[in-house]
Structures are given as structure tokens and as C-alpha cells.
Amino acid sequence: MSDAPSATGAPGFDDLTRDIADVPAVEVITTVAVHLMSAAAVNLGLAEDGERHKDLDEARKLIQALAGLITASATEIGSYHAAPLRDGLKSLQLAFREASLVPDEPGQGPGEKFTGPVYG
């Protein structure tokens, strides 16, 4: 496989591999966390035209994954990066509880097996 850009100008596989190798792990982890947060917010109906995109089942899965990622990586990415991610996670967990017709019991909401019960 060539490392030259394709005829369409898109980078080749070798270029992409080299680029990702240059990205620090903390940046990859925080970027993934931000994407999970954004997707969860949309599925909670918090985006513009939110009710049209609201899907609490999808939001639950995304918040659960986000909580696992943040909990597992907190010692690796340090408090400077983990603290705002934890704050965002808590906000999403509270928004989920508020959006639910029948809220989960404390400790049973999305991600709470990793974070413990979340209270407003």
C-alpha cells in the first residue's frame, strides 16, 4: 500500500496510522469522551430540535460507556482532564433522571455502577 494520498486527495492508510501515533493517549481518551457526551446529550433531547432526536435507551448506553471510560482512565489522564469529564458525566446522569418518566432508583441509573448514586 502506498503512503501517497489517493487520487481523491484523501490520505493513505500509512498517513493515517502515522497521524494517530502522534496523538497523545490523553487527547484520544478525552476526544472519545467528548463524542460520547455529545451523542448522549443529543439522545437526551438537549440539542436544538431535541424532542425529535430523543432516545433514552440510546442515551443510557452512551452514558454507561462514558462512565466506564472516565472511571477506567481517570488515573491515566489525571485530575486536570478527568474533573471536567466527571462534571459533564454527572450533568448527563442528572438530565437522564429528569427526562425519565419513571426514574431509576439511586445507584441504578446509567453509569452509576461506576460513579455511585448521583443526586441533584
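Me: What does Lys-90 count as at 39% relative accessibility?

Reply: This is a predicted model, in which local features need pLDDT of at least 70 and side-chain atom pairs count only at pLDDT 80 or more, while totals for chains, interfaces and linings use all residues. Residues are numbered from 1 along each chain as its sequence is written, and side-chain values use heavy atoms, with hydrogens and water left out. Buried means under 20% relative accessible area and exposed over 50%, with partly exposed in between (1.4 Å probe, protein chains only). Because its relative accessibility is 39%, Lys-90 counts as partly exposed.

Me: How far apart in space are Lys-90 and Lys-113, C-alpha to C-alpha?

Reply: Lys-90 sits in helix 4; helices (H or I, at least four residues) and strands (E, at least two) are DSSP runs, numbered from the N terminus. In sequence, 23 residues separate Lys-90 from Lys-113, and in space their C-alpha atoms are apart by 13 Å.

Me: Which residue has its C-alpha atom 9.6 Å from that of Thr-71, 40 residues apart along the chain?

Reply: Thr-71 belongs to helix 4, which covers residues 56-99, and it is partly exposed because its relative accessible area is 40%. Its side chain has a polar atom 2.8 Å from the backbone oxygen of Ala-67, a polar contact (a pair of N or O atoms within 3.5 Å; within protein, one must be able to donate a hydrogen and the other to accept it, and residues adjacent in sequence count only if both atoms are side-chain atoms). The residue 40 places away along the chain, with its C-alpha atom 9.6 Å from that of Thr-71, is Gly-111.

Me: Which backbone oxygen does the side chain of Ser-73 reach?

Reply: Ser-73 is also in helix 4, and it counts as buried because its relative accessibility is 6%. At 2.6 Å, its side chain reaches the backbone oxygen of Leu-69.

Me: How many salt bridges does the structure hold?

Reply: A salt bridge is a side-chain nitrogen of Lys or Arg within 4 Å of a carboxyl oxygen of Asp or Glu. One of them pairs Lys-54 with Glu-51 at 3.8 Å, N to O. Lys-54 is partly exposed because its relative accessibility is 32%, whereas Glu-51 is exposed, at 61%. The number of salt bridges held by the structure is 6.

Me: Which residue forms a salt bridge with Arg-60?

Reply: Arg-60 is partly exposed because its relative accessible area is 29%. Its partner's closest atom is 2.8 Å away, N to O, and that partner is Asp-104. The pair links distant parts of the chain, 44 residues apart, with Arg-60 in helix 4 and, in the loop between helix 4 and helix 5 (112-115), Asp-104.

Me: What phi does Asp-49 have?

Reply: Asp-49 is in the loop between helix 2 and helix 3 (50-53), and it is partly exposed because its relative accessible area is 46%. Most residues other than glycine have a negative phi. Asp-49 is not a glycine, yet its phi is positive, at about 60°.

Me: Which backbone oxygen does the side chain of Thr-30 reach at 3.2 Å?

Reply: Thr-30 lies in helix 2 and is buried because its relative accessible area is 18%. At 3.2 Å, its side chain reaches the backbone oxygen of Glu-27.
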